[in-house]
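Hi there,

Here is the structure I promised to pass on. Please have a look, and then read my notes below.

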Amino acid sequence: MMDLHAFLYLLLGIILPGMAYGLQITSTGPRSILKASGDSVTLDCDFTLAPEDSGHLDIEWTLMASDSQNLDKVILLYSGGRVYEDYYPATKGRMHFSSAHPKDGDASVNLTRLEVSDTGTYQCKVKKAPGIGSRKIFLSVMVRPSKPHCFKEGLSREGEDLVLRCASSEGTHPLQYTWEKTSDGTLPPTSTVLDPVSGVMTIKNVSAGASGTYRCTAKNRVGADECVLHLHITPSRNMAGVIAGAVIGVLLSLILTAIVLFCCCRARNRKYEKETAYEIRSRVSVARSVTSAGSHRSSLGSLSPSNLHEYAPKPQYDKVSTEERERPPGHAPPGRATGRTRPRGGGPRRDPRPEKGRLHRLIGENGTALYASTCVQPTRSCFG
């Protein structure tokens, strides 16, 4: 049967774990630790034993539940001289006792390669009957800001409003941004507005004095990083000169366009005139040919028994005496052979054997064919 005093000491250790009989937690380190992801941390838990603490030594590290609906998770255990590390898969291989012999009074642990999910309250509990002691430590793990990106918005020209931006893609909030001009250590003297949360700095009515090197720093509680921006402010343009230049450029463009159009129209008109003149010459040539042929046909068509003598050249015939006219056909005059007669003097030739009432073709000196009527009796009408 347990001794009454031992029972009372055990009951007191259960009710008041921080005030154990004999056994005491002697660590004086911080009870709240802030670390960056990827770092390592040591959770202190040193203890001392009293002569009365004669039971087995047990050391237990647990992750306290964030609410009462969940249970605490045992992470690391030392009991009976052995270490058990396979209780919590999330920290397996990353959490170890700092000392190779925890029984000697050092129950501290090391947690490496910290992750954001490691954030929580850790409890160290040491038991050696009848003594019991414990200590809680809150660990917060945050992500450092990544290297920010610096850039500007707007025209780097005097008189304009310029916006400088700085932003980190990673980092646990809240992040704070600061801008400084590293070339002379001060911000531009003009109106400057800085938003430390968004990392935006606006420079109103920027001047040439704002030129230089700027540095933006992004930071949170576990780290910081920075970027550099080189800014060059150009003098403002003469707006009157710009406007005048624009107007002159427009006028020159219009003049050039007008010249090009004029040349094109003139070339087109010349081409049209040449084509028209060629067409007119062609038509005149054809008309002349048609008129010449038509006049020739008209001349021939207008020949009639009544006006034939007006167009036909008067051929020279041999004078025929009365005897010859009265001589019967087939009798040649004396001393002259029968046959064709040819007018003297190279006159026009006439068709032999003229007949009454017929037109006879006469060949003129120039080779033109003419037609005349030959009558045996001139006193009578040849066509009557």
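A disulfide is a pair of cysteine sulfur atoms within 2.5 Å. The sulfur of cysteine 264 is 6.9 Å from the closest cysteine sulfur, in cysteine 265, which is too far for a bond. Cysteine 264 is partly exposed, at 45% relative accessible area, and cysteine 265 is partly exposed at 42%. (Buried means under 20% relative accessible area, exposed over 50%, and partly exposed in between, with a 1.4 Å probe and protein chains only.)

Two notes on where this comes from. This is a predicted model, in which local features need pLDDT of at least 70 and side-chain atom pairs count only at pLDDT 80 or more, while totals for chains, interfaces and linings use all residues. Residues are numbered from 1 along each chain as its sequence is written, and side-chain values use heavy atoms, leaving out hydrogens and water.

How many disulfides does the rule give? The count is three:

- Cysteine 45 and cysteine 124 have their sulfur atoms 1.9 Å apart, and their link is left-handed, with -75° about the S-S bond.
- Cysteine 150 and cysteine 227 have sulfur atoms 1.6 Å apart; their link is right-handed, at 65°. Both cysteine 150 and cysteine 227 are buried.
- Cysteine 166 and cysteine 216 have sulfur atoms 2.0 Å apart, with a left-handed link at -95°. Cysteine 166 is buried at 1% relative accessibility, and cysteine 216 is buried at 0%.

Finally, tyrosine 78 is buried, and so is phenylalanine 97.

Enjoy exploring!
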